[in-house]
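Please keep the sequence and the structure at hand while reading.

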Amino acid sequence: MNVSQSLRDRLEALAERWPANAARLASYRLSPMLDRRIDCRIGGEYGWSMLFTRERLGIEWQAEGMAAAHVDLSEKDWADVLDGRLGIISMVFAGRCQFPKHERYVLSKLSIVLQSLATMTRQA
């Protein structure tokens, strides 16, 4: 599936904002999602991978290697997550995102970091 330009723009904006906000968001409590590749799917099809480091947020548009966690959402749900309106964990609780239990720790941290980054940097 091709990732819409709207989602690509949101992801690129978050990647640009990450370095300036990483120190606040990559705290010890949230650091388990650092240096771990997270595969993101849209309706069951590969969309992109994210790799957060302290220096940058890398976005890969092709699958390469194993991921520590997987997130599969609809395009609308991804838009809400990347805009900070909802968190990934909200989608899990709503039954709109399934994940293996061994991935929940990384996903819970990712959910907080993505929602916080989008909210902190959103234009009022």
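The side chains of Asp83 and Arg10 meet in a salt bridge, with 2.8 Å from N to O, where a salt bridge is a side-chain nitrogen of Lys or Arg within 4 Å of a carboxyl oxygen of Asp or Glu. This pair links distant parts of the chain, since Asp83 lies in the loop between α2 (75-82) and α3 while Arg10 lies in helix α1 (residues 5-25), 73 residues apart. The model is a predicted one, in which local features need pLDDT of at least 70 and side-chain atom pairs count only at pLDDT 80 or more, whereas totals for chains, interfaces and linings use all residues. Residues are numbered from 1 along each chain as its sequence is written, and side-chain values use heavy atoms, with hydrogens and water left out.

**Salt bridges and their network**

- A search of the whole structure finds seven salt bridges, and those that share partners join Arg10, Lys76, Asp80, Asp83 and Arg85 into one network.
- Asp83 has a relative accessible area of 19% and is therefore buried, given that buried means under 20% relative accessible area, exposed over 50% and partly exposed in between (1.4 Å probe, protein chains only).

**Pairs that involve helix α2**

- Asp80 and Lys76 form a salt bridge through their side chains (3.1 Å, N to O), and both residues lie in helix α2, four residues apart, which is about one turn of the helix.
- Within this pair, Asp80 counts as buried at 8% relative accessibility, whereas Lys76 counts as exposed at 56%.
- Another salt bridge, of 2.7 Å from N to O, is made by the side chains of Arg96 and Asp77, and this pair links distant parts of the chain, with Arg96 in the loop between α3 and α4 and Asp77 in helix α2, 19 residues apart.
- Arg96 counts as partly exposed at 43% relative accessibility, while Asp77 counts as buried at 6%.

- Glu103, placed in the loop between α3 (88-93) and α4 (104-121), is buried yet has no salt bridge, and the nearest side chain of opposite charge, Arg41, is 9.4 Å away; Lys and Arg count here as positive and Asp and Glu as negative, with His and the chain ends not counted.
- Not counting residues up to four places away in sequence, Glu103 touches Ala68, Ala69 and His70, where contact means heavy atoms within 4.5 Å.

Technical notes: Helix = DSSP H or I, 4+ residues; strand = E, 2+ residues; numbered from the N terminus.
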